[in-house]
Amino acid sequence: MTRPSWAPEGIDLDRPSASRVYDYFVGGMHNFEIDRALAREIEAFTPNVAHTMRADRELLRRIVRYLVEDANVTQFLDLGSGIPTAGNVHEVAQARNPEVNVVYVDIDPVAVAHSRALLEGNSHTAVVHADVADPDGVLADPLVTGLLDFDRPVAILLMGVLQFLPDAADPAGAVARLQEAVVPGSYLAISHATADGQPEEVLAAQRLSGRTATEIVLRSKEEIGGYFHNWTLLEPGLVQLQAWRPDHGEDLSRAVADSGAFGGLARKR
Ligand SMILES: C[S@@+](CC[C@H](N)C(=O)[O-])C[C@H]1O[C@@H](n2cnc3c(N)ncnc32)[C@H](O)[C@@H]1O
């Protein structure tokens, strides 16, 4: 197939990618038929996966809004940021405070190239092509050190990304290193896919992710909670995505039950 102009040279067009499948699920335009076919197969097993991904993106926006409006956070390190789609971190944050600095980090070349194109001219943002499993590499990157002041609080966002790190890549160690790099008053947001409380089909759908370069690892609520280490979880704690400070007063019980991921926000003491 021909490579569209937004796709960087050298990417594998014959293999679906996690970020492009996610882009399709959240309504983005930067995906190929091979990604959409996988997404449709996943959806055929269970609608919960698509539902969870959309809920994840909505939770990301609620958390950023809270951090800028109520916690006065002015610096974000968004790891596994994905292909930009409506309501990106800098859009939500800078609409409330134009001085907020945001560094996006992703391992996927399409996500990085497209983020760079979108952010051209925005001096309060930067995009880094790096692996979350290499936190020292991320923290030493000149774009990170140039834009973020580690003597002031930073919000570390790990939304929907740690599930792409197998245990062998030591996700807990990577998170701990990031936590160590920031001052008290900093925040850590995590969302992570789980099989807890999910129908059997979710496992079948998860296995399909093995077709991409990054198979998803579903972890238990206890394991996910462990990633916050000794930081203080804000209310309502680590919960299913829609249950974290929902915007509207509607009955979310069905949506919450369908959500195959947990999310939470913690503060460094
Ligand atoms: C499910 S998307 C989440 C996007 C965004 N954080 C959100 O919550 O809407 C996961 C993203 O993590 C990226 N990713 C996967 N493994 C990664 C790694 N080891 N390092 C950095 N990014 C990674 C993928 O490329 C993809 O863009």
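**Helix packing, salt bridges and backbone geometry**

Helix α1 (residues 18-25) packs against helix α2 at an angle of about 65°, and the two axes lie 9 Å apart. This angle makes α1 roughly perpendicular to α2, since the range from 65 to 115 degrees is assigned to that class. The crossing of the two helices α1 and α2 is right-handed. All of these values were computed from a predicted model.

The contact is formed on the α1 side by Arg 20, Val 21, Tyr 24 and Phe 25. These residues meet Ile 34, Asp 35, Arg 36, Leu 38, Ala 39, Arg 40, Ile 42 and Glu 43 of α2. By residue class, the contact of α1 with α2 comprises seven nonpolar and five charged residues, with no polar ones.

The structure holds ten salt bridges, and three of them are described here. Arg 36 pairs with Glu 33 through their side chains, with an N to O distance of 3.3 Å. Both residues belong to helix α2 (residues 33-45) and are three residues apart, so that about one helical turn separates Arg 36 from Glu 33. Arg 36 is partly exposed, with a relative accessibility of 25%. Glu 33 is likewise classed as partly exposed, at 40%.

Glu 33 also forms a salt bridge with Arg 40, in which the closest N and O atoms are 2.4 Å apart. Arg 40 has a relative accessibility of 41% and therefore counts as partly exposed, the class that lies between the limits of 20% and 50%.

A further salt bridge joins the side chains of Asp 247 and Arg 65, with an N to O distance of 2.6 Å. Asp 247 is located in the loop between β7 (239-240) and α11 (253-258), whereas Arg 65 lies in helix α3 (residues 48-69); the pair therefore ties together parts that are 182 residues apart in sequence. Asp 247 is partly exposed, with a relative accessible area of 43%, and Arg 65 is partly exposed at 27%. With regard to shared partners, Glu 33, Arg 36 and Arg 40 are joined by their salt bridges into one network.

Most peptide bonds are trans, and most residues other than glycine have a negative phi. The peptide bond from Glu 235 to Pro 236 is cis, with omega near 5°. Pro 236 is placed in the loop between β6 (232-233) and β7.

Positive phi values occur in two residues that are not glycine, His 229 and Arg 245. For His 229, phi is near 50°. This residue, His 229, lies in the loop between α10 (221-226) and β6, and at 37% relative accessibility His 229 counts as partly exposed. For Arg 245, phi is about 40°. Arg 245 is found in the loop between β7 and α11, the loop that also holds Asp 247. With a relative accessible area of 31%, Arg 245 is partly exposed.

Terms used. Residues numbered from 1 in each chain as written. Predicted model: local features only at pLDDT ≥ 70, side-chain atom pairs only at ≥ 80, totals over all residues. Heavy atoms only, no water. Salt bridge = Lys/Arg side-chain N within 4 Å of Asp/Glu carboxyl O. Helix = DSSP H or I, 4+ residues; strand = E, 2+ residues; numbered from the N terminus. Buried < 20%, exposed > 50% of the residue type's maximum accessible area, 1.4 Å probe, protein only. Axes fitted to C-alpha atoms, helices over the stretch in contact; angles between N-to-C directions. Parallel < 35°, antiparallel > 145°, perpendicular 65-115°, else oblique. Left-handed = near helix turned anticlockwise from the far one by under 90°. Contact = heavy atoms within 4.5 Å. Nonpolar A, V, L, I, M, F, W, Y, C, P; charged D, E, K, R; others polar.
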